[in-house]
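I set out to look up how the chains of this model meet one another. The entries below are kept in the order of the look-ups.

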Number of protein chains: 4
Amino acid sequence: MGRAHSNAFRKAGNFFELPYRPVLKTVCARNPERAKSFAAQWGYESIESDWRKLVASPEIDLIDIASPNDTHAEIAIAAARAGKMVMCEKPLGRNAAEAESMVAAVEAAGVPNMVWYNYRRIPAVTLAKKLIDEGRLGRIFHYRAKFLQDWTISSDLPQGGEGLWRLDVSVAGSGVTGDLLAHCIDTALWLNGPIDEVSAVTETFIKSRKHNLTGKVEPVGIDDASLFLARFGNGSLATFEATRYARGHKALYTFEINGEHASIFWDLHDLHRLQYFDHRDEGHLRGWRSLHITDREHPYMDKWWVPGLQIGYEHSFVHQFADFLTAAASGKGAAPTFRDGLATDDVTDAVLDSAAHRNWVKVRARDHAKGEAI
Amino acid sequence: MGRAHSNAFRKAGNFFELPYRPVLKTVCARNPERAKSFAAQWGYESIESDWRKLVASPEIDLIDIASPNDTHAEIAIAAARAGKMVMCEKPLGRNAAEAESMVAAVEAAGVPNMVWYNYRRIPAVTLAKKLIDEGRLGRIFHYRAKFLQDWTISSDLPQGGEGLWRLDVSVAGSGVTGDLLAHCIDTALWLNGPIDEVSAVTETFIKSRKHNLTGKVEPVGIDDASLFLARFGNGSLATFEATRYARGHKALYTFEINGEHASIFWDLHDLHRLQYFDHRDEGHLRGWRSLHITDREHPYMDKWWVPGLQIGYEHSFVHQFADFLTAAASGKGAAPTFRDGLATDDVTDAVLDSAAHRNWVKVRARDHAKGEAI
Amino acid sequence: MGRAHSNAFRKAGNFFELPYRPVLKTVCARNPERAKSFAAQWGYESIESDWRKLVASPEIDLIDIASPNDTHAEIAIAAARAGKMVMCEKPLGRNAAEAESMVAAVEAAGVPNMVWYNYRRIPAVTLAKKLIDEGRLGRIFHYRAKFLQDWTISSDLPQGGEGLWRLDVSVAGSGVTGDLLAHCIDTALWLNGPIDEVSAVTETFIKSRKHNLTGKVEPVGIDDASLFLARFGNGSLATFEATRYARGHKALYTFEINGEHASIFWDLHDLHRLQYFDHRDEGHLRGWRSLHITDREHPYMDKWWVPGLQIGYEHSFVHQFADFLTAAASGKGAAPTFRDGLATDDVTDAVLDSAAHRNWVKVRARDHAKGEAI
Amino acid sequence: MGRAHSNAFRKAGNFFELPYRPVLKTVCARNPERAKSFAAQWGYESIESDWRKLVASPEIDLIDIASPNDTHAEIAIAAARAGKMVMCEKPLGRNAAEAESMVAAVEAAGVPNMVWYNYRRIPAVTLAKKLIDEGRLGRIFHYRAKFLQDWTISSDLPQGGEGLWRLDVSVAGSGVTGDLLAHCIDTALWLNGPIDEVSAVTETFIKSRKHNLTGKVEPVGIDDASLFLARFGNGSLATFEATRYARGHKALYTFEINGEHASIFWDLHDLHRLQYFDHRDEGHLRGWRSLHITDREHPYMDKWWVPGLQIGYEHSFVHQFADFLTAAASGKGAAPTFRDGLATDDVTDAVLDSAAHRNWVKVRARDHAKGEAI
């Protein structure tokens, strides 16, 4: 993720009017060789292997956390206490308890903060939000989301260590629940409001794998697949599913919302399109419209190329960073804030709890209205 | 459904070599005017308003039941006892208990029998079965199915009576669970084997509607939406969903199966296509193949038109009827037999039970190997 | 085509209110064995090997010509002179001169007549015509059509004789020009009005093939591919293309029309859909709508199944036959009449002329308003 | 285009190993205010309003020409004579004569050169080239390409001046022929070899428009639409079409190639996909594969994100610039070189000639093997 973030830092100012001119000050990594090479590639002024020095440095205004999940809380809390703005990769914590402490820290410090749930800022997804907020869908009946991958099907794939920490439950916190479902949940909470309760099932298809750090074959602690039924606060019903065992799909994140008047479908594999059906169209001309989200009237798209020319994955990070700086200039964070990230962790906690106990579980209710963000 | 069945009776012999030459003897309906008009339109030799007379008639070899769900058991059992071949619309019974008595009757009588789960004989679906049976998918990880409609969203729609008995729980037995989910379940059991357990949720979005027969606004007894998680006997996980509140979808029945080596997707709105992904293709040329199921090498398609020219919904009934007659000639039924129909009712019973009690429910295990069918 | 026609004769009355009750009197074929078998399969009362006897028979009201192209004119003219209604497979003649004599005969006799350009009655295509007639597209700028097949790519395929007469130029008149382009042209003239002039190129990729009747390798006389540019009377520009050498396409007939306000696209491989774009939609919600042509409000579709359930290729023949009988009851023919078929032959003549002489060729102008049809 | 190029200059080094470290030295524009603002936005060190000074500056190694078409030749020739590497926007010249002088200049000077036909470096297009070069398609029968836009349909749109010079024939040289068709032709020559002859038609739908510079309503000199038939050197037949009057399409550049064994289709509106059909697949499993070009095995894609995450339009420029620098390091240009650009101008000349004289026109034959490029 360091590349996606750095690309955003370098590129945002070329396409957006920013209140700040970002300076790529220091890249921090445990491995100095990699830090050096990364800094050279991306134009960072210096490198560091101890993140505490960055947090302590008066030269640094903003800390961006793109390290494994088990490091998020400690760094973020220290950064907040040091008065830095903080951006953190998702999921916010390995669980809601970690996330809660992070929220407490940034809110106590009053520092602008944000979690990198970047898919909110794919223009097609931002447009979906706009259409819902305009009331075009009417009463919502159904929500369905899935995030399908197929990269861990081989039992030869090891777990743990460089590049594979997502398979190590002690580092990641969970498997696809925190990695993939979390994306689906963040979008869902944003588009469709809070989730009341869930009934979930998880599975680990490959029970043991060689661990890269220990060299031994060890039990796999993560969930390979995670599915749940949900009831939202607005009365709609939902299915959610995430897996790394869906042959043929690399990163197929899709969601669909069915409302009384209109429905919306989106798909990460064709992220520049939004499918929209409006029942108010004339009867014989009703159909799913394939909106090609490249027009100046679409969110963010007046900043890019002429109509018809699509942008890609990385642009969502550029948008998010530009929005964050804009918000930060007036002392706010940009959604999803840490508090929003906590809301997602509350749901993933409920999912894992439900799967473990085979029952319906209520999602923790909190006052998420607190905190200001754009 | 009378039209779809009658069309199959008339048409099968033009396209298939049949062991029998079907004669459209008598159409039976409570309303004699409608029976008369229907008989004239379709070329039935006579009409009848009391089904018992048909069952008793020595002129009749085969009884086809296309009446509302609450009549299935009584007619089927009488027909079986009278030694007739029996074909019955789905779901077999309003619940597994009814279905069980029907199975007992046809098996005791030894008469060829079949339930009209017609989607098995859409050529694309038949091909999916063939590919699975050939082992092309390998170990199965995921199954997902949904059946989405949007025709009952308006609260002005009444319930009950002619054409609307599907909204009357006393006649239908359940709402979308028995109507739509049953199709998804029949296909799933056929393609992916038995389901072990389910966790379900149902909802009735419109709580009361005017009843057409009583004229009064009455509580709605059916489920408008029914969703469940499932674990199959083969270890795969599944989501199932059916609803009549998915704006923009008229009859969107879809299923997807993800196996170790290959995946399959099908969609009733484009029923002449099958999507197929094979991981064994060369790395840079892997992609979902959109198979246009119109070639002579595809199931049933050597009987129809030249390649490229698609068939439609009604053809699945023609195929099913042709297969039934072929099986009947050697004294067998054609799958799905009543016993197969019972297996589906066992799952819908479990779904409704789970939704009512908010817990995981085991599906009744039976010996479904019994009974011979093609 | 005998099967597609016979299916229409048998089926139209089950789904449409017809002014006549069609009786399948006699099937005529040179080969008595095949005639007999066909009659048994389809329920014809008798067979005949000499078409002249049918034309002379007082028992016969309507002659349907589904034989090779070189027989169309002689049979149709004789039938017209005998006062029979006449339906003829397309193309009407092997060239416009033949077609002209056929038009003269049916118009002199005043008999209802029709050419089987069946694609006009695919509901999606009929809807396209309706939208154009309502003026929804505004001024037309572009038309593009193609008909792509791939069944003659192998050089091992012989030419001539049973089932392969389409490769024999003396029987067929031309190759893909009269076979496939003719369909594209008929639709285009119907939807977009007369064509003024064309510039064409044709090619025969496989220069010689074994002839089935002579047993010798002989030069191939037909065109394997035929492409042309056109200018319509309404000022719009067009590309047309037909080939049997487009690997991956079985019968991919597509057309697209671009108007000032709206555009339309249709595709035979998904014939139950119409793609529609309307610029008058709100700016950020403009998109190609995929209309699933299965609703009661769509042409012909109130006669078939419930919304969402598609029909197929053969239904276009049912519609055309039902329309023909309705028209015939008031003494009219149904479009496309022989006169319409002649208009298409005028264009294919111009195409072949242009390809032969490598120049732009004006299409013969005639008064096509003559003749009454529905 | 200045933004697309500058983005490539800044970004290439972050993702590719480059032999040079590009320095954004000077931006040149007639309007100093715009130059200043552009320089600030993109980090150019200085601005200039007279391009001759850049050409004369020893500080500058590479001249990139992104100005209107009527300035290409003069700047490129001067730059080449000054020994600079030259990159030029397409089309190379307003006609082949201009392009010829540019080729002469760069070849005489021996400077690395390149034309910005960026679509060759969309990974899906690069993969298409690879598949063709591997012989997977076999003998080629058909090529078809179109580039459809709809932005000039309104008669209120003026011509000429800032942002609208593409409608002024004296500046642009031609309308869609040089602007859009040129892209189609460049790709076609690359993928399918030289074109022998063409038959074309052009049209100007809106005959006069207000001119922005003169303020008067003046005749429109450009072609609004340009269509042609072509025969390639390899015997295949083609249709080409470009227009700005195709309602519903913003930048729909598509091409399809049909070979004996396999076919390929690509579409700029979903540029991250390649459609591939291989007849050598098993008969009942043949289908168009939708390749999602995001895997490490796909051209350029090992440099970007993890599989499943798409890139966009701008990346083609990054690829082209990275390839140019790599080539330049060993003294070569990168394809398409000026000589390749001239080949395209030869075809557009033939198209305009054919349209003007309404006949088939042979494309000028040259020895295009000259010149070294990667």
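The notes take up two interfaces in turn.

**Conventions.** I worked with a predicted model, in which local features need pLDDT of at least 70, side-chain atom pairs count only at pLDDT 80 or more, and totals for chains, interfaces and linings use all residues. Residues are numbered from 1 along each chain as its sequence is written, chains are lettered from A and ligands numbered from 1 in the order in which they are written, and side-chain values use heavy atoms, with hydrogens and water left out.

**Entry 1: symmetry of chains D and B.** I superposed chain D on chain B by a rotation of 180° with 0.0 Å of shift along its axis, at RMSD 0.0 Å (least squares on the C-alpha atoms of residues with pLDDT of at least 70 in both copies). The two copies are therefore related as by a two-fold rotation axis. Within chain D, the C-alpha of D:R289 is nearest the axis, 2.0 Å from it. I also noted that 100% of the contact residues of chain D recur in chain B.

**Entry 2: the D–B interface.** I found 19 residues of chain D in contact with 19 residues of chain B (heavy atoms within 4.5 Å). About 1600 Å² is buried between these chains, 47% of it from carbon and sulfur atoms (buried area being the accessible area, 1.4 Å probe, that two parts lose on being put together, summed over both). D:H284, D:L285 and D:R289 supply 40% of the area that chain D buries here.

I then looked at charges and found 4 salt bridges across this interface (a side-chain nitrogen of Lys or Arg within 4 Å of a carboxyl oxygen of Asp or Glu). One of them joins D:R289 to B:D281 at 3.6 Å, N to O.

Strand β15 (residues 288–292) of chain B runs antiparallel to β15(D), joined by 3 bridges (strands being DSSP E runs of at least two residues, helices H or I runs of at least four, numbered from the N terminus; two strands pair if DSSP finds at least two bridges between them). In this pairing D:R289 is the bridge partner of B:R289.

**Entry 3: the B–A interface.** I counted 42 residues from chain B and 42 residues from chain A in the contact. The buried area is about 3800 Å², with 57% given by carbon and sulfur atoms. In chain B, the residues losing the most area to chain A are B:F205, B:R247 and B:R358, together 18% of what that side buries. I found 6 salt bridges between chain B and chain A, including A:R144 with B:E241 at 2.8 Å, N to O.
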